[in-house]
Amino acid sequence: MPDPITLGFIALALLVVLIALRMPIAYAMIIVGGGGIAVVNGLSLLLSQLKTLAYGQFSVYDLTVVPMFILMGELAVVAGLSQALFRGANAWLGWMRGGTAMAAIAGCAGFGAVCGSSLATASTMGKVALPELKRYNYSGALATSTLAAGGVLGILIPPSVILIIYAIIVEANIVTMFAAALLPGILAVLLFLATIAIYVAIWPGAGPKGGAADRAEFRAATLGLLPVVGIFGIVLGGIYGGLFNPTPAAAVGVALVTIYGLARGRIRLATMKAALFATAATSGMIYLILLGAELMKIFMSRIGLPQQAAAWIIESGLAPMMVLVLILVVLIALGCLLDSLSMILLVIPFFWPMLMEINGGLYQGAEGAGFGMSTDDLKIWFGILALIVVELGLITPPVGMNVFVISALAKDTPMIETFKGVAPFFLAEILRVILLLSFPVISLWLPHLLGG
């Protein structure tokens, strides 16, 4: 049998092959992780692990927040929150050059805060905003790229399902992660708005001015925003204010979105049933991937691959910050090939133990050791950075799932035009990563403030 480290790299290669062969990532991780444990420690240990592992994983109270926020997002789609958000944002911003595109970004940010899914945000806001952007003669490149880029805001702006999954994997506090994501999320919105302003300043014809809303239309659109802002404020305000934990907050959000949808006549028995079935399917998929990720984590920890990788890095003389940058580059590359949830579940169990070793274990006692922060702060900072670069995969070729979603809606715009239009937003995201790398306080200030 090969030595444990060689076995670990063989397992990773096999995992990549299985995923490339289009095996569902949950099954691929269960086969590789479970098979690795059986090879290293014997079949009896694997069976012993399987006897209690699934229950131990899925009975965690924090995990119940996942289906609740997924259901909240499913109901938000059918309740018509997206239309109210875009109409209100367009009333405020549409009069400017590029203002309707800016309104689409604002709408994506608001809907992402309620929905928590990038693909759902891109798809739903695309259906709402794309006809308006076409009506005002926006270029196909700007219109489609704005919506594709705006969709990525659903990953980071809390409440985010992927942020919750990350918190569970690294054993971080979900409320703390939500707090850490708020300022970087707002920063993304501001950078995207600035990107559109610069874009239309260089190419004025790409984003003409829209018509200013009359007083009655402006008042109606603004009033339409109030229920959405209220739902967002109650859910996140209750979490940050300590009124309730994320799971009760999600339940409150589901109730409020349901009431909103019923009041507008958008939620009926059939749509509620469809939302519940979609929630069950998505939650089941996430739970199964979590089981596979746990088996992979157990296998990797037993053969000591993360620790050995950290030791190699230290012996190489690479600075900790350079290691982090290399990890982020790898995540950007993987994001071009894997969906965001699969990537977080696949790579975080490998990279996070390695960063912990570099930060606190093997660098301990050295001058300027590690990243100069506690392990708790590192998991917050790294989590926000990781999710941002995961976002980039949604708008980066050759996969760029958000681009494919928007291209399916805008059949008259070639996909290559959308990818070209996305380039400035990609640069804006790179700038955000540089700012967060240079100033960790952007991610850490609010968690420290709320934590006292």
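How many salt bridges does the structure hold? The structure, a predicted model, holds 6 salt bridges. The largest pocket has a volume of about 1,200 Å³, and the second largest pocket has one of about 360 Å³. A nonpolar surface patch of about 460 Å² is also present.

**Largest pocket**

- The lining of this pocket, with its volume of about 1,200 Å³, consists of 44 residues, and L338, D339, S340, L341 and S342 lie nearest the centre.
- Two or more lining residues come from each of α1 (4–20), α4 (65–79), α7 (118–135), α10 (161–170), α14 (269–303), α16 and α17 (340–361).
- Helix α17 gives the largest share of the lining, 8 residues.
- By residue class, the lining of the largest pocket has 33 nonpolar, 7 polar and 4 charged residues.

**Second largest pocket**

- The volume of the second largest pocket is about 360 Å³, and 17 residues line it, with L85, A106, A109, G110 and F232 closest to its centre.
- The elements giving two or more residues to this lining are α5 (81–93), α6 (99–115), α11 (174–202) and α12 (215–240).
- The lining of the second largest pocket divides into 14 nonpolar and 3 polar residues, with no charged ones.

**Salt bridges**

- Side chains of opposite charge can pair when their charged atoms come close.
- K297 and E294 form a salt bridge, with 3.4 Å between the closest N and O atoms.
- These two residues, K297 and E294, are 3 residues apart in helix α14, so about one helical turn separates them.
- K297 is partly exposed at 25% relative accessibility, whereas E294 is buried at 17%.
- E391 and R432 form a salt bridge in which the closest N and O atoms are 2.7 Å apart.
- Because E391 lies in helix α18 (residues 375–393) and R432 in helix α20 (residues 415–438), this pair ties together parts that are 41 residues apart in sequence.
- Both E391 and R432 are buried.
- K420 and E417 form a salt bridge with an N to O distance of 3.8 Å, and both lie in helix α20, 3 residues or about one turn apart.
- K420 is exposed, with a relative accessible area of 53%, while E417 is partly exposed at 30%.

**Nonpolar surface patch**

- The patch of about 460 Å² is made by L318, M321, M322, V325, L326 and V329.
- V325 belongs to helix α16 (residues 320–335) and is partly exposed, with a relative accessible area of 30%.

How values were computed
Residues numbered from 1 in each chain as written. Predicted model: local features only at pLDDT ≥ 70, side-chain atom pairs only at ≥ 80, totals over all residues. Heavy atoms only, no water. Patch = residues over 30% accessible without salt bridge, like charges linked within 9 Å, V, L, I, M, F, W, Y side chains within 5 Å. Areas by Shrake-Rupley, 256 points an atom, 1.4 Å probe, with all protein chains shown as cover. Salt bridge = Lys/Arg side-chain N within 4 Å of Asp/Glu carboxyl O. Helix = DSSP H or I, 4+ residues; strand = E, 2+ residues; numbered from the N terminus. Buried < 20%, exposed > 50% of the residue type's maximum accessible area, 1.4 Å probe, protein only. 1 Å grid on protein atoms, 1.4 Å probe; cavity = no way out; pocket = protein on both sides within 12 Å on 5 of 7 lines; lining within 4 Å. Points joined across faces, edges and corners; volume = space filled by probe spheres on them. Nonpolar A, V, L, I, M, F, W, Y, C, P; charged D, E, K, R; others polar.
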